[in-house]
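I opened my notebook to look a few things up, one entry at a time. Come along and check each one in the viewer.

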Amino acid sequence: MAMVYEAEDLLLGRKVAVKVLREQFASDPGFLTRFQREARSAAGLSHPNIVAVYDVGADAGTQYIVMELVVGRTLKEVVQEEAPLSAGRIIDLGRQICDGLEYAHQHGIVHRDVKAHNILVARDGWAKIADFGIAVALGASSLTQSGYVVGSAQYMSPEQAKGEQSTASSDLYATGVMLYEMATGRLPFEGDTSVVVALKQIQEDPVPPRRVNPRIPESLQTIILQSMAKDPSERFSSAAAMGEALVACARASLEATQPNAVVASKPPRLERVMAPVPSPAPRKERRGGPGGWMVLVVVFAAFLCTLGSIPLGLVAFSNGALGRLFPSLSAPTQGSATATPVRVVQAAPSPTPEPTPIPTLKTPKLVGMSFTAARQLAQNAGLDVVISGESYSSEYPVAYVISQNPAAGDPIEKGVRIEVVVSLGKESVQVPRVVEDPLQAAEDKLKAAGFKWRVMEQNSDQTPAGIVISQSPAPDVMAEKGSEVLLKVSLGKEKVAVPNVIGKPEAEAQDMIVKAGLAKSYPNYQSFTTVPPGDVISQEPKPGTMVDKGTTVYIAVRKVDTPAPPPPTPTATGH
């Protein structure tokens, strides 16, 4: 129903968006009412997750709204180009949308047309809710009547599809649809016509998103399905409650993806590997004879040799043990003609093997990635990742890596863990109230709260000079820490120069005084002067004096002399 233009605010030197109602709708009372409702609804909301409205007006019958220019894409475009999104990004965008809706609901406004097309995603990842064209005040009579449905069918809650009154819970249902869309890349209900889709919203349950995308956490699926419950009472109690559930889901996902602590393993068990022993030649052995003992001794000796405790030669020949047990295997005794000295040889210890060198590689860059993606990348390289801390970040979304140790490019060995700090998202803090404060006091408050500020001075008839007239964002709203607060500070009453009206005719002098922004007064008429009758003789304040706008100027004017009446005409008399 409108055209949106990029424009420049010449006064503040900033880019803005100007929404202009199309000419063919300007004469339609219904469209005009909707356009004006958007202006009123959005103008009263000041929140970092809602597109700001700066001005509303009409020019020669053309209705327009001046609003914040968001450089980026709609959420619909993000989904079409990138879905399915990572769980961390889904949670971050969903939490921001919930924050904006909670603020609108707290101020009595139900959006009633929440959808991916109406969510603007800036280049820095900041999500903003736009288009309050069919918003309605909480508790006010709804525009929805029997047979008249308001909203977009794919994001419409069952109660909206039935023609019932929309509530804050209806906005939460639509938010759940958007989370489903981000997680799966498709809408939960689709059809050839809007009527078919609306009927599905009423009658059918969505396919659980994990069946489409098993990579999303179970807890995120639970949030999506709860927000899309057919019965509004079974959904989250508020947008704030839904946002808190998303934050809890993010924390649970981070904890679940951290590797378990290393458990000390048991000492390796000694395995004894023996080569097959050839069967001895058959012979007769007496029961209980030396044959069985010999086998046991040989096995025992081999076992000890395996352990490296006792050399085989020493076991075999020390103290003539085998000779006494097995005479046929013993060495010849000393003095025997065939005796041969036997030398016991200690087996040389086996050389200690050199350890296999551990491969060295470069640490991958993980900063700027979601924790899940970073961990997968590290695991592919034979590394692991652990979370060493969490911190707020205005640059990275929730669950994205802010910093890492070792740094990217540093040498690292396989199996070593990389410690990372992950983002908690942008920190939002409450904007302090500084309206009616002296400028210095206002700056001190904003500095203490972590905000920047910009001052715009303007004249004010009601507010003394140096006092804050207004602020944006408004007091007590939640805004990103480090963001800018615009302060409008009074210059006091506007000063104007008193025009020189001496010698001017009274009427012209009064006109000059009024056009200069000053108040005309009843003149003081004087009779004796050299100026022509009816002209200004003198004025107070003097010409060129700078005075407050609206100051009264006193003038003295030569009185117009009243001409003397003509003498009476003599009357003729008879004789």
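Which exposed residues does the face of α3 carry, turned away from its buried side? I looked and found Gln 80 and Glu 81 there. I also noted that this is a predicted model.

**Entry: the buried side of α3.** Helix α3 covers residues 75-82, and I listed its buried residues as Leu 75, Lys 76, Val 78 and Val 79. Looking down the axis of α3, I saw these buried residues fall within an arc of 160°, so they line one face of the helix. Next I asked what covers the buried residues of α3. The cover includes β5 (72-74), α4 (87-106), β7 (119-122) and α6 (168-184).

**Entry: a sheet.** I traced an open sheet of four strands in the order β1-β2-β4-β3, with antiparallel pairing. Strands β1 (2-9) and β3 (53-59) stand at the edges with a single partner strand each, so one side of each has no neighbour in the sheet. From one strand to the next, I noted an average twist of 25°.

I then picked out β2 (residues 14-21) and β4 (residues 62-68), which run antiparallel and are joined by five bridges. On this pair, I found Val 18 opposite Val 66 in β4.

**Entry: the largest pocket.** I wrote down a volume of about 1,300 Å³ for the largest pocket. It is lined by 46 residues, and the closest to its centre are Arg 14, Ala 52, Tyr 54, Glu 68 and Ser 472.

Terms used. Residues are numbered from 1 along each chain as its sequence is written. This is a predicted model: local features need pLDDT of at least 70, side-chain atom pairs count only at pLDDT 80 or more; totals for chains, interfaces and linings use all residues. Side-chain values use heavy atoms; hydrogens and water are left out. Two strands pair if DSSP finds at least two bridges between them. Helices (H or I, at least four residues) and strands (E, at least two) are DSSP runs, numbered from the N terminus. Axes are lines fitted to C-alpha atoms, for helices over the stretch in contact, and angles run from 0 to 180 degrees between N-to-C directions. Buried means under 20% relative accessible area, exposed over 50%, partly exposed in between (1.4 Å probe, protein chains only). The arc is that of the directions from the helix axis to the C-beta atoms. Contact means heavy atoms within 4.5 Å. On a 1 Å grid over the protein atoms alone, a cavity is a set of points where a 1.4 Å probe fits but cannot get out, and a pocket is an open set with protein on both sides within 12 Å along at least five of seven lines; lining residues have an atom within 4 Å of a point. Grid points are joined across faces, edges and corners, and a volume is the space filled by probe spheres set on the points.
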